[in-house]
Amino acid sequence: MSRFAEFDFFQWATFVMALLSMTLGAGIVAYLFWEGGPFIWNQGSQFLLGLDWFPGEEYGAAPMIFGSTAVTILALVFSTPLALASAIYTSEFLDPRRRLTVKGIMEILAGVPGIVYGLLGVSLLSVWVRDVFNLIDGYTLLSASFLLAIMILPTIMTLSEDAIHSTPSEHRQAASGLGLSKMEVLFSVALPHATPGIAGAILLAIGRAMGETIAVMLVIGGLDRIPEPWFDVFSSGQSIASKLGREAAETLGFGEHWSALMALALILFFLVMFLTAFGNWLIKGFRK
Amino acid sequence: MTRIQKEKLFSGTLAFLTLFACSILAFILFAVFSRGLSALSWEFISSEATDFGSKGGILYQIFGTLLLMFASISICLPIALGTALYQTEYLKSSVWKKAFKIFMASLNGMPTIVLGLAGYLFFGKFLGIGVSWLTGALILAAMILPTAHAAILEAIETLPEHYQETSISLGLKPNQRILAVVIPHSVYGIVTGALLGLARAGGETAAIMFTATAFSGVSIPQSITEPVATLQTHILVLAQEATNPTALANAWGAASVLLGIVFFLILGAKAVRSRLSWEPEQ
Amino acid sequence: MNENQFDIKIENASLYYGSAPVFKQITHYFASKAVTSVIGPSGTGKSTLLRTFNRMNDRLDGFRAEGTVWVGGQNIYEENVDVYALRQNVGIVFQKPCVFPKSIYENVIFGIKRLQPERKKDFAGIAEQALRKVSLWEEVKDRLNQPGLSLSQGQQQRLALARTLISKPDILLMDEPTSSLDPRSARAVEDLILSLKENHTIILVTHNIGQAKRVSDETIFVCNGEICESGPAEKLLENPCCQETRDYLNQGR
């Protein structure tokens with residue numbers, strides 16, 4: 001490369017901007033490690049497996065880890081069949097114009113702010129859950145997973161649809177040329193082709209569900225306890241994100257309590273990053 | 001059952017489920033607007049909140065949300081554009097290109113509550129701006145950076161290679177090429193990125209609830225170190241008073257306004273994406 | 001013959017893409033103010049060779065040139081070469097006409113508008129001159145403000161040529177400039193090449209043997225990473241000495 005030196009304002013300006021964003025990304029990750037890392041290191045299993053969380057005395061993250069996992073899995077159970085069914089129908093049975101309409105609807109649905117879901121959850125969903133299942137109140141793991149199911153529906157639907165739709169038309173034609181019906185083409189060609197993409201979509205959705213704070217915080221009940229028995233979804237609970245949302249204000253930046261919260265945040269960050277990276281890798285992998 | 005019957009049953013079931021998925025949006029719109037529209041009036045959006053939000057309007061909340069949205073996008077956009085340009089036009093090393101991807105992904109994967117808290121410690125505590133709208137705007141700028149960056153990057157990367165080659169072959173320097181080809185072609189990406197970023201910033205609550213907002217007693221901030229009220233946090237507080245019917249009505253009203261703002265921006269981004277791009281080649 | 005009479009010479013040059021050499025130790029002096037056509041099987045790096053002369057390959061990650069490449073009396077792969085000035089002196093026309101989604105006029109002055117903004121008031125005259133040179137002026141003079149993409153492919157290619165000629169290059173590189181054109185437009189471009197060689201040194205990559213015969217003075221045949229054969233076009237194309245060249249030419253018939 002030539003060293004023909006000349007001041008290029010753009011090069012410098014864009015370099016500074018790029019440096020800023022890198023520092024921002026790296027800085028926050030570094031901070032989480034710096035603040036939460038030693039805490040996890042020192043407390044170890046006492047933190048990760050501990051069942052009780054009393055600020056100042058002991059910090060057990062198990063109920064939160066359980067809560068996040070439980071609501072996310074339940075949300076997937078509700079959301080995935082619906083999302084896949086509409087993805088398949090949209091990709092395989094709808095004409096291009098209607099297809100874009102459905103995808104547009106999903107895009108808008110994805111834009112509904114978390115706080116609006118929270119409001120719907122507090123004033124409608126939790127009441128229904130309470131009445132239908134005859135509970136004392138409706139702030140339960142189940143309510144939180146219903147909300148999350150709706151929130152991740154567009155993610156799974158849109159990305160899976162892209163994956164199914166990207167099946168090469170030669171493959172489809174070859175299959176339908178053998179006399180296979182639309183449904184048979186779908187199961188023998190399109191779905192196998194789209195499987196990694198669908199898996200990636202689900203992982204990204206899990207990442208989103210784990211990180212969601214406000215809507216979950218409003219309906220999950222805020223109880224730092226693993227339910228008895230553990231599969232009692234009608235019990236209140238707590239997710240990592242909702243824990244952060246509820247308690248961070250009490251202790252902004254100070255002491256052991258804060259370090260414990262940042263340790264939770266670090267765990268959350270790792271989970272989300274891992275799921276997102278793996279999901280993106282699957283989605284890109286099948287495109288090649 | 002014959003094959004054809006089976007297929008009919010199958011596609012029928014799928015059609016029903018698809019319709020159901022789409023009707024969720026209709027349900028949300030109906031649920032929010034049917035309750036919110038009764039609270040909405042000129043008076044509601046043009047007067048300030050009283051009695052801790054259970055009475056009065058949401059004037060300063062609207063102002064605060066808009067202020068945070070526009071301040072954050074003004075901070076974010078130059079950084080997103082600069083980063084995308086540096087990455088595509090100047091950066092040669094593939095190792096660094098990968099590093100950029102990883103850091104942007106970490107920023108994108110960062111749960112917003114964590115971003116808010118870490119951002120508060122840095123901007124609010126360390127830089128001493130405190131709980132203020134500027135802190136909030138900076139945090140939101142960091143939050144929407146990956147969104148805006150991705151939209152701009154996609155636009156730049158879809159720039160046909162021969163446009164780049166032609167401008168290089170004419171002897172244009174990188175900065176001249178950026179102005180002549182890259183930016184004009186990417187305008188739609190910049191605009192979509194900005195609109196989607198605005199929509200995300202407008203809908204975000206967790207990142208700003210402890211860091212930028214105060215619930216009552218705030219009007220228009222007089223300096224950069226003062227907090228604002230926002231629609232999001234207003235709804236958050238009112239939602240927790242679910243037993244008070246007037247408070248709840250006001251929450252629905254505020255939610256209608258918020259949904260209106262966010263949808264307007266998303267639809268705008270969709271329209272721009274299809275219109276503003278350079279005409280395709282034959 | 002004095003060495004400085006050559007606008008372009010390559011001496012012991014090896015071109016690498018990644019670790020594999022595309023060309024090994026090639027040497028050739030290109031005739032000045034004449035058309036040299038480069039022919040050879042697909043995938044032998046004819047375009048890579050062409051793009052070496054204005055350093056367009058710099059953009060490719062992993063491209064490397066060894067040896068010397070002289071353009072206009074300067075070793076262009078030395079340090080401190082002003083590549084931007086080099087590229088203004090060495091114009092290139094690509095296989096597919098590249099027309100920006102702008103007006104015809106804006107397309108013609110695309111480069112000069114950014115490179116010499118201070119000459120703004122001369123642009124109209126310069127544009128007319130360039131369009132006349134490529135015999136496009138009569139066809140477009142009444143619709144300079146219409147989109148460049150409204151022109152036919154052949155016209156678009158001549159427009160691209162006009163845009164290149166504006167910076168008054170001494171050397172023109174042409175990378176299969178007619179392969180995406182219909183025969184009539186292709187002829188028009190060939191006529192242009194013949195008229196331009198009076199003032200320009202032209203290197204033309206082509207797959208069309210007939211075209212090579214019609215327009216070129218010299219021809220080089222490349223294959224297997226080297227220049228197998230070079231010489232006056234007439235002789236090389238009618239009566240090649242090298243077996244590979246013979247095979248290649250026979251395929252085309």
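**Figure 1. Helix H3 of chain A in the predicted model.** Helix H3 (residues 62-93) of chain A has 32 residues, which should span 46 Å at 1.5 Å a residue, and the distance of 45 Å between its end C-alpha atoms agrees with this. The expected span of a helix is taken as 1.5 Å times one less than its number of residues. Helices (H or I, at least four residues) and strands (E, at least two) are DSSP runs, numbered from the N terminus. At Ser79(A), shortly before the proline Pro81(A), H3(A) has a kink of about 35°; the bend at a residue is the angle between axes fitted to the seven residues ending there and the seven starting there. H3(A) is mostly covered, with 23 of its 32 residues buried. A residue is buried if 20 or more other C-beta atoms lie within 10 Å of its own, exposed if 12 or fewer, and partly exposed in between, with C-beta atoms placed from the backbone.

Residues are numbered from 1 along each chain as its sequence is written, while chains are lettered from A and ligands numbered from 1 in the order in which they are written. This is a predicted model, in which local features need pLDDT of at least 70 and side-chain atom pairs count only at pLDDT 80 or more, whereas totals for chains, interfaces and linings use all residues.

**Figure 2. Chain A as a whole.** Chain A contains 11 helices and two strands, in the order α-α-β-β-α-α-α-α-α-α-α-α-α from the N terminus. Its C-alpha trace spans about 75 × 70 × 35 Å along the principal axes. Of the 288 residues in chain A, 52% are buried.

**Figure 3. The contact between chains A and B.** Chain A gives 69 residues to this contact and chain B gives 67. Two residues are in contact if their C-beta atoms, placed from the backbone, lie within 7 Å. On the side of chain A that touches chain B, helix H1 (residues 9-43) of chain A supplies the largest share, 18 residues. That side of chain A has 48 nonpolar, 18 polar and three charged residues. Ala, Val, Leu, Ile, Met, Phe, Trp, Tyr, Cys and Pro count as nonpolar, Asp, Glu, Lys and Arg as charged, and the others, Gly among them, as polar.

**Figure 4. The contact between chains C and B.** Here 20 residues of chain C meet 17 residues of chain B. Helix H2 (83-89) and helix H4 (110-115) of chain C are the elements that give two or more residues to the side of chain C that touches chain B. By class, this side of chain C has 11 nonpolar, four polar and five charged residues.
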